[in-house]
Amino acid sequence: MIKQILRILIALLPAFGMAILCSCDLGEEIQPFADDTRVIEYPEGVLTTTTETTVTTTTTNVYTPPDDPKLVKLLDSLSLERKAAQLILVGCSDASVGNAVCEKGAGGLCLFAQPFANQSDEAVRTMTAGFQEAAEIPVLLSVDEEGGSVCRVSLNPNLRHTNFWSPRFLFEQGGWELIRSDTEEKANFLLDLGLNVNLAPVCDVPFQAWDFIYPRCFSTDAAETAEYIETVVGIMKAQGLGCSLKHFPGYGGSADTHLNMAYDERTYEEFAERDLLPFQAGIEAGADSVMVTHNIIECMDSERPASLSPEVHRILREELGFRGVIITDDLGMNAITQFTNGENPAVAAILAGNDLLCYADFDNSVAAITEAVRNGTIEEEQLNASILRVLYWKQEMGLLD
């Protein structure tokens with residue numbers, strides 16, 4: 001018994017360390033230090049790059065969902081503003097804000113831990129039902145419930161006696177059987193509360209235990225991670241819970257983009273032989289969406305974060321053959337605000353090839369996208385293709401029935 005308790009405490013140390021380091025509760029979004037000394041060296045001039053210099057190219061949309069007359073009719077019924085709103089997955093720490101943006105046509109919410117804190121399961125069901133009632137088109141209600149150091153919902157002991165364990169610790173304790181049963185339980189748990197998307201699993205393959213992303217990952221071995229991804233994606237799909245592979249094209253040993261810009265100098269061959277394998281496994285297993293990181297992957301695009309890079313999105317579409325919804329990582333993170341000098345990155349993110357923007361700045365993003373379509377910066381054909389992909393995902397999950 002003592003050995004078992006020690007193993008649990010040791011497994012949880014990375015999560016507690018991250019929480020203490022960031023002065024936040026387990027599962028909360030990571031906040032930068034007020035006086036952060038861990039600053040990396042940037043290439044000359046990179047911090048003066050503005051949104052205007054990142055919106056000059058666009059990716060090729062190589063896939064449009066089936067020409068479903070029902071979805072096309074729904075698309076055609078939307079005003080330009082409502083179309084733009086469908087492309088925002090609004091980062092949400094307050095239920096009242098969630099209701100407001102759902103009324104305005106937001107495509108979905110990315111709910112942090114605060115709306116669930118101290119709530120009963122019935123109160124959470126009432127909250128999520130309220131979001132759907134406020135929306136003209138049913139919304140994606142998503143959370144980061146990875147397990148271990150990143151949980152949003154199961155942090156509340158009223159909802160679950162303990163937060164979900166990390167994938168690595170689950171496997172150490174019970175192998176594939178525990179991985180499968182935990183994934184099934186988590187899917188049922190979230191769906192029962194009215195949530196329909198888990199922004200998981202983590203496909204990243206770190207190098208060592210002190211890498212930023214390590215506590216959230218299954219293994220330092222790409223093949224083992226690919227097997228894990230294939231397993232859990234299949235279960236989530238079977239249970240009817242939406243999923244998202246993250247953080248494309250692979251975090252590796254990169255620094256924390258919540259805090260600063262991060263650069264990855266590895267070759268494309270290294271990514272192809274290692275980091276891309278779990279993503280490929282997840283795509284082949286039918287993953288609904290892929291979330292793109294903010295790391296600057298120099299072998300793919302040395303000038304832009306991956307989330308704003310047409311070339312990174314081209315690789316995901318054309319080289320890996322992904323046909324689902326592409327989501328940005330949270331655009332409010334410091335890696336993006338530093339890169340754009342605080343300018344709204346919504347237009348650049350759409351031009352790069354994203355279908356959903358994870359971002360709390362809803363009103364300004366909708367206004368920027370709308371204006372970009374009107375002045376010809378964004379082609380309405382590209383906008384419509386992204387909306388159809390989002391609507392098709394909602395239809396697949398039964399939200400439009």
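Modeller: Gladly! This is a predicted model, and its protein chain averages a pLDDT of 86, with 83% of the residues scoring at least 70. Over residues 1-62, though, the pLDDT is below 50. Beyond near neighbours in sequence, that stretch has 106 contacts in the model.

Biologist: Let's look at helix H4, then. Which of its residues are buried?

Modeller: H4 spans residues 95-103, and Gly98, Val101 and Cys102 are buried there. The word applies because each has under 20% relative accessible area.

Biologist: What puts them on the same side of H4?

Modeller: They cover an arc of only 105° around the axis, so they share one side of H4. In general, an α-helix has 3.6 residues a turn, so residues three or four places apart point the same way.

Biologist: What do the buried residues of H4 pack against?

Modeller: Their partners are strand S1 (88-92), strand S2 (108-111), helix H5 (121-134) and helix H12 (362-374).

Biologist: Why are H4 and H5 called roughly parallel?

Modeller: They pack at an angle of about 25°, with their axes 7 Å apart. Angles under 35 degrees count as roughly parallel, so H4 and H5 are given that name. Their crossing is right-handed.

Biologist: Which residues make the contact between H4 and H5?

Modeller: From H4 come Ala95, Gly98, Asn99, Cys102 and Glu103, while H5 brings Met127, Gly130, Phe131 and Ala134.

Biologist: And what comes just after H4?

Modeller: There you find Gly105, which takes a positive phi of about 100°.

How values were computed
Residues are numbered from 1 along each chain as its sequence is written. This is a predicted model: local features need pLDDT of at least 70, side-chain atom pairs count only at pLDDT 80 or more; totals for chains, interfaces and linings use all residues. Side-chain values use heavy atoms; hydrogens and water are left out. pLDDT is the predictor's confidence in each residue, from 0 to 100. Contact means heavy atoms within 4.5 Å. Buried means under 20% relative accessible area, exposed over 50%, partly exposed in between (1.4 Å probe, protein chains only). Helices (H or I, at least four residues) and strands (E, at least two) are DSSP runs, numbered from the N terminus. The arc is that of the directions from the helix axis to the C-beta atoms. Axes are lines fitted to C-alpha atoms, for helices over the stretch in contact, and angles run from 0 to 180 degrees between N-to-C directions. Angles under 35 degrees count as roughly parallel, over 145 as roughly antiparallel, 65 to 115 as roughly perpendicular and the rest as oblique. A crossing is left-handed if the near helix is turned anticlockwise from the far one by less than a right angle, and right-handed if clockwise.
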